[in-house]
Amino acid sequence: MTQLHTYPAVLVTVQQTQGSVPRETGTWMAVFAQTMYGTIGGGHLEWDALRQAREHLVQSCRVPEPWTQRTILGPRLGQCCGGALELRFEPVGAADADRLRQQLQPRLTPLALFGGGHVGHAIVQALAPLPFAVHWVDSRDDVFAPDTPPHVQTEHSDPVHAAVRHLAPGSRVLIMSFSHAEDLDVVAACLQRQRERSDLPFVGLIGSRTKWATFGHRLRARGFTVQELAHVTCPIGLPGITDKAPAVIAASVVAQLLLLEGQGPG
């Protein structure tokens with residue numbers, strides 16, 4: 001909401017949904033006289049909401065009360081989604097700015113990324129517009145990009161696996177350091193934490209099935225069971241994508257994370 005500094009505006013929020021609709025409950029957009037921020041989706045649905053909001057901005061001499069509108073997505077709107085939704089229109093002014101920043105702050109999923117190589121950099125860039133709070137860890141100096149996005153926390157940790165104990169509960173973990181030895185230590189630290197706290201819902205390791213077979217043998221020698229090893233995903237990324245270019249791997253891995261998020265927590 002830092003971009004929203006020119007008031008008045010109308011905050012349009014998807015308040016209720018039924019059936020197939022463009023966006024989920026809680027989705028919002030802020031409508032100003034000359035611009036907008038956010039989107040409720042839906043083509044004509046959004047266009048009509050923009051029109052209503054701007055009409056009120058032009059006509060109102062004072063800040064009016066909020067109002068709601070129920071819409072069925074049918075032929076009248078040129079949309080055949082088959083669902084229905086209720087939109088809430090809330091006129092807001094400069095005095096509402098702090099409240100709106102708190103109210104509309106997206107909930108970010110914690111994600112720990114071990115490795116500052118080419119794929120790590122590509123993943124950070126791919127995650128930049130998405131609702132993840134990234135904790136980026138490497139044992140080497142000067143590997144993090146100067147243009148690292150603001151929602152990314154970087155950490156130099158030597159040994160690198162020592163950072164595992166400090167990860168936020170619920171962190172999704174991606175492991176792709178510059179060496180297999182470091183990868184193995186990070187996986188072992190994640191499995192140990194999972195054994196103690198069970199709060200790392202996804203642990204993904206870059207590499208081949210051969211790499212994981214070798215890791216599995218070494219991790220069993222460290223005392224981890226087959227059931228515990230099953231918590232690790234290796235290879236990572238969507239099946240069927242074989243291109244090894246960093247940007248392609250990043251797209252595949254991020255798509256996998258989004259699919260997992262769609263299945264709910266943990």
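Tyr37 is partly exposed, with 30% relative accessible area, where partly exposed lies between buried (under 20%) and exposed (over 50%), for a 1.4 Å probe and protein chains only. The model is predicted: local features need pLDDT of at least 70, side-chain atom pairs count only at pLDDT 80 or more, and totals for chains, interfaces and linings use all residues. Residues are numbered from 1 along each chain as its sequence is written, and side-chain values use heavy atoms, without hydrogens and water.

**Aromatic pairs**

The structure holds three aromatic pairs. Rings of Phe, Tyr and Trp (its six-membered ring) pair if their centres lie within 6.5 Å; planes under 30 degrees apart are stacked, over 60 edge-to-face, and the rest tilted. Two of the pairs, Trp28 with Tyr37 and Trp136 with Phe144, involve residues listed here.

| Residue | Relative accessible area | Class |
|---|---|---|
| Trp28 | 16% | buried |
| Trp136 | 1% | buried |
| Phe144 | 22% | partly exposed |

Trp28 and Tyr37 are tilted, at 5.8 Å centre to centre and 45° between the planes. Trp136 and Phe144 are edge-to-face, at 5.0 Å and 65°.

**Cysteines**

The whole structure contains zero disulfides, a disulfide being a pair of cysteine sulfur atoms within 2.5 Å. For Cys190, the nearest cysteine sulfur is that of Cys234, 13 Å away. Cys190 is buried at 1% relative accessibility, and Cys234 is buried at 12%.

**Helix 3**

Helices (H or I, at least four residues) and strands (E, at least two) are DSSP runs, numbered from the N terminus. Helix 3 spans residues 118-127, and its buried residues include Val119, Ile123 and Leu127. The buried residues of helix 3 pack against several elements, among them strand 6 (109-114) and helix 7 (246-262), with contact meaning heavy atoms within 4.5 Å.
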